[in-house]
Amino acid sequence: MTGILLSLLFLWTPEIGTTSILEHSDPEEPLSNTTSGIPVLMYHHVSDPVDGYYGVSTDRFRSDLEKLYAAGFYLITPSDLENGLMQVPADRRPVMLTLDDGWQDNFTFLETHGSTEIDPLCVVGILERFCDQNPEFGRGVTFFISWDKIPFGQEEYITEKFNLLIDMGYSIGNHTNMHSDFITLPRSKWDRAVLLPMEKFHRSLGLRTSEIFAMGYPGGRFPKDQGAEEYLSHFQFQNRQAVRIGFLANGSISSMNRLLDSPEGIFRIGRLDMSQYSVQRVLGWRNLMTVGPRDNLHDPLPPRLRQTLNFNTI
Ligand SMILES: [Zn+2]
C-alpha cells in the first residue's frame with residue numbers, strides 16, 4: 001500500500017508557480033534531554049492571503065518573530081554554526097529561520113516615484129523593520145533558492161537582491177537547480193543538481209558565491225543509503241566544497257552534540273515546518289540549547305557546542 005501511495009506521489013506533478021509537495025521524513029531522533037538543540041524553522045510563502053498549504057500570513061510571521069524574540073532567541077545563519085556561535089550573546093539562545101524556494105513574497109522590490117525600495121510586507125521588509133526595532137534579536141535568515149523559477153520573481157533584480165541580502169547579513173543557500181528530490185534523483189545527476197545552481201549564483205555574486213555552502217534538500221528528504229553524505233560532500237565549486245551542511249524537513253530539532261558524533265550528521269540537520277507547527281510547540285522541546293554561563297565573551301562557548309565544528313571531515 002505504501003508503495004502505491006509513493007508511486008502516486010511520484011506521478012503527481014505540481015502546477016507551475018505553486019509550492020511542490022513536501023514529504024516529511026520521520027524524526028531521526030526522539031526528544032532528548034541534552035541541551036544542545038538549535039531549532040531550525042522552515043517557511044515557504046509568507047503572504048496575504050495565505051498562499052498554499054505551506055504558506056503563512058504576514059501577521060503570523062510577524063507574530064512568530066515576536067514570540068521567538070520574547071523567548072530569548074537570537075537569529076543565526078549557517079556561518080554562525082561554522083564559527084561556533086561566537087556572535088550569539090551570552091544571554092540569548094540560537095534559532096535559525098529558513099525560507100525555501102525563493103518566492104517573490106520573500107523579497108520584493110517596489111518601484112515608486114522613480115525609486116526602488118523593499119516592500120515592507122515581504123519577508124525581508126518585515127524582518128528589517130523587526131530587527132531594527134529589536135537589535136537584541138540579531139539579524140539574518142537563510143533563503144534556499146531553487147532555480148526552477150526566477151529567484152524572488154523579478155528577473156531584472158536578481159543580482160541586486162542576492163548582493164543586497166549578503167550585504168545586509170542574510171544567508172543564501174542551495175535548493176538544487178530544478179527542485180530535485182535526492183531520494184528519487186539518480187546519483188549520476190546529483191552533480192548537476194548541486195553545481196548548476198552554483199554557476200548561476202556565480203553570475204550574480206562572483207567571488208561571494210563562496211558564501212553559499214548550505215543545502216536545503218527539496219522535499220526535505222535525503223537518502224539514508226550508506227555513503228550518500230560522502231558522495232554529496234565531494235562536489236567542488238571553484239576548489240571549495242559546494243555543500244558543507246544540509247537541512248532536512250523532518251519535524252525535529254536535532255541535538256547538535258549527536259550530529260557532531262559522526263561526520264555525516266552535519267548533513268542531516270532537522271527542521272520544523274512552521275505552516276504546521278507553532279512557536280509554542282517549538283518551546284516545548286526539551287533539548288533546546290539554553291543560556292549558558294560564559295565568563296569571557298571570547299570563550300569558545302563550551303556550554304553551547306561540545307566541540308569545535310569541523311565541516312570538512314568528510
Ligand atoms: Zn522547496
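Helices (H or I, at least four residues) and strands (E, at least two) are taken here as DSSP runs, numbered from the N terminus. This is a predicted model, in which local features need pLDDT of at least 70 and side-chain atom pairs count only at pLDDT 80 or more, while totals for chains, interfaces and linings use all residues. Residues are numbered from 1 along each chain as its sequence is written.

The protein has nine helices and twelve strands. Of its 314 residues, 40% count as buried, where a residue is buried if 20 or more other C-beta atoms lie within 10 Å of its own, exposed if 12 or fewer, and partly exposed in between, with the C-beta atoms placed from the backbone. Two residues are said to be in contact if their C-beta atoms, again placed from the backbone, lie within 7 Å. Among the contacts with a separation of 6 or more, 71% are accounted for by residues 24 or more positions apart.

Helix 2 (residues 58-70) packs against helix 4 (residues 123-133) at an angle of about 35°, and their axes are 11 Å apart; axes are lines fitted to C-alpha atoms, for helices over the stretch in contact, and angles run from 0 to 180 degrees between N-to-C directions. Thr-58, Phe-61, Arg-62 and Leu-65 of helix 2 make the contact with Val-123, Ile-126 and Phe-130 of helix 4. Sorted by class, the residues of this contact are five nonpolar, one polar and one charged, given that Ala, Val, Leu, Ile, Met, Phe, Trp, Tyr, Cys and Pro count as nonpolar, Asp, Glu, Lys and Arg as charged, and the others, Gly among them, as polar.

Phe-130, which is found in helix 4, touches Arg-62 and Leu-65 when residues up to four places away in sequence are not counted. The C-alpha atoms of Phe-130 and Leu-65 are separated by 7.9 Å, although these residues are 65 residues apart along the chain. Phe-130 counts as partly exposed because it has 16 C-beta neighbours inside 10 Å.

Asn-174 lies in strand 7 (residues 171-174), and it counts as buried because 26 C-beta neighbours are found inside 10 Å. Leaving aside neighbours within four places in sequence, Asn-174 is in contact with Phe-144, Val-194, Pro-197, Ile-212, Ala-214, Met-215 and Val-243.

Strand 4 (residues 109-112) and strand 5 (residues 115-118) run antiparallel and are joined by four bridges, where two strands pair if DSSP finds at least two bridges between them. Phe-109 has Ile-118 in strand 5 as its bridge partner. Two residues lie between the strands of this hairpin, and His-113 in the turn has a positive phi of about 50°.

In the loop between strand 1 (40-43) and helix 2 lies Pro-49, and the peptide bond from Asp-48 to Pro-49 is cis, with omega near -5°. Leu-85, in the loop between helix 3 (78-82) and strand 3 (93-101), has a positive phi of about 60° although it is not a glycine. Leu-85 counts as buried because it has 20 C-beta neighbours inside 10 Å. Phe-152, which is not a glycine, has a positive phi of about 60°, and this residue is found in the loop between strand 6 (142-145) and helix 5 (158-167). Phe-152 counts as buried because 25 C-beta neighbours lie inside 10 Å.
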